[in-house]
Amino acid sequence: MGKLALTSLAVAVLVLTGCSQKSPEVDMTKSTADTQSSVDDGMSALQKLIASLEANSKTIYFDFDKYNVRKDQQTNIDANAALFNSAEAKNFSIKVEGNCDEFGTDEYNYALGLKRAKSVKDGLVAKGMNADRLTVVSYGESNPAVNEHNKDAWAKNRRAEFKVLP
């Protein structure tokens, strides 16, 4: 339905119900597009903030068949804790996503991904994050960062990533 048809329909409803076009309850001077635009602007600002937080978070990488946070990844834990405790992020929840390479059974990789996400969560909590803001999930091997089959790709797939939840 076009904008003109919607406006005509709204006027017809107002006439039938006895309301004038200048009624304070209905502002006929604002188009549906204007209202939608202001809603979109509000959502895009929230989406931009969430995207910025996710883009600035640091992925945590793991060794083969391990779920403990490596010493060289501790700086990423520290940076993520600072980012997620910032004023911009304090009202959001964070989902920690554990991932694995393609080795092992589906069940094994699901469990390993969950252990990886949990160890990252524990590291963030140790750095001052509220545990209630953090949730963990495992994607096992079903969410590879790299679809190739070599050592570099497998190393990039053994990771924990973050999603910001409104």
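A salt bridge here is a side-chain nitrogen of Lys or Arg within 4 Å of a carboxyl oxygen of Asp or Glu. Keep that in mind. The model you see is predicted.

Take R70 and D72. Their side chains meet in a salt bridge, at 2.9 Å from N to O. How exposed are these two residues? R70 is partly exposed, at 21% relative accessibility. D72 is also partly exposed, with a relative accessible area of 47%.

By that rule, the count comes to seven salt bridges. Another joins K118 and D122, again at 2.9 Å, N to O. Both of these residues lie in helix α4. They sit four residues apart, about one turn of the helix.

R159 is buried, with a relative accessible area of 2%. Some salt bridges share partners, and they join D63, R70 and D72 into one network.

Now the sheet. In what order do the strands come? The order is β1-β4-β2-β3. It is an open sheet of four strands, with mixed pairing. β1 and β3 stand at the edges, each with a single partner strand, so one side of each is left without a neighbour in the sheet.

Let me walk across it. β1, residues 60-61, is joined to β4, residues 159-165, by two bridges. Those two strands run antiparallel. Y61 has R159 as its bridge partner in β4. Next, β2, residues 93-99, pairs with β4 over six bridges, in the antiparallel sense. There, E97 has E161 as its bridge partner. Finally, β2 and β3 pair over six bridges in the parallel sense. V96 is partnered by V136 in β3.

Helix α4 lies across β1, β2, β3 and β4. It runs at about 155 degrees to β3.

On to helix α3, residues 74-84. Which of its residues are buried? N76, I77, N80, A81, L83 and F84 are. They cover an arc of only 165 degrees around the axis, which puts them on the same side of α3. The face turned away from that buried side carries the exposed residues T75 and A82.

F84 brings us to the aromatic rings. How many aromatic pairs does a search of the whole structure find? Three. In one of them, the ring centres of F84 and F162 are 5.4 Å apart and the planes are at 55 degrees, so the pair is tilted. F84 lies in α3 and F162 in β4, so the pair ties together parts that are 78 residues apart in sequence.

Another pair is F103 with W154. Their ring centres are 4.8 Å apart and their planes are at 70 degrees, so this pair is edge-to-face. This pair links distant parts of the chain too, 51 residues apart. F103 is in the loop between β2 and α4, and W154 is in helix α5, residues 151-157. Buried or partly exposed? F103 is partly exposed, at 35%, while W154 counts as buried at 18%. Together with F64, these two form one aromatic cluster.

Key:
Residues are numbered from 1 along each chain as its sequence is written. This is a predicted model: local features need pLDDT of at least 70, side-chain atom pairs count only at pLDDT 80 or more; totals for chains, interfaces and linings use all residues. Side-chain values use heavy atoms; hydrogens and water are left out. Buried means under 20% relative accessible area, exposed over 50%, partly exposed in between (1.4 Å probe, protein chains only). The arc is that of the directions from the helix axis to the C-beta atoms. Two strands pair if DSSP finds at least two bridges between them. Rings of Phe, Tyr and Trp (its six-membered ring) pair if their centres lie within 6.5 Å; planes under 30 degrees apart count as stacked, over 60 as edge-to-face and the rest as tilted. Contact means heavy atoms within 4.5 Å. Axes are lines fitted to C-alpha atoms, for helices over the stretch in contact, and angles run from 0 to 180 degrees between N-to-C directions.
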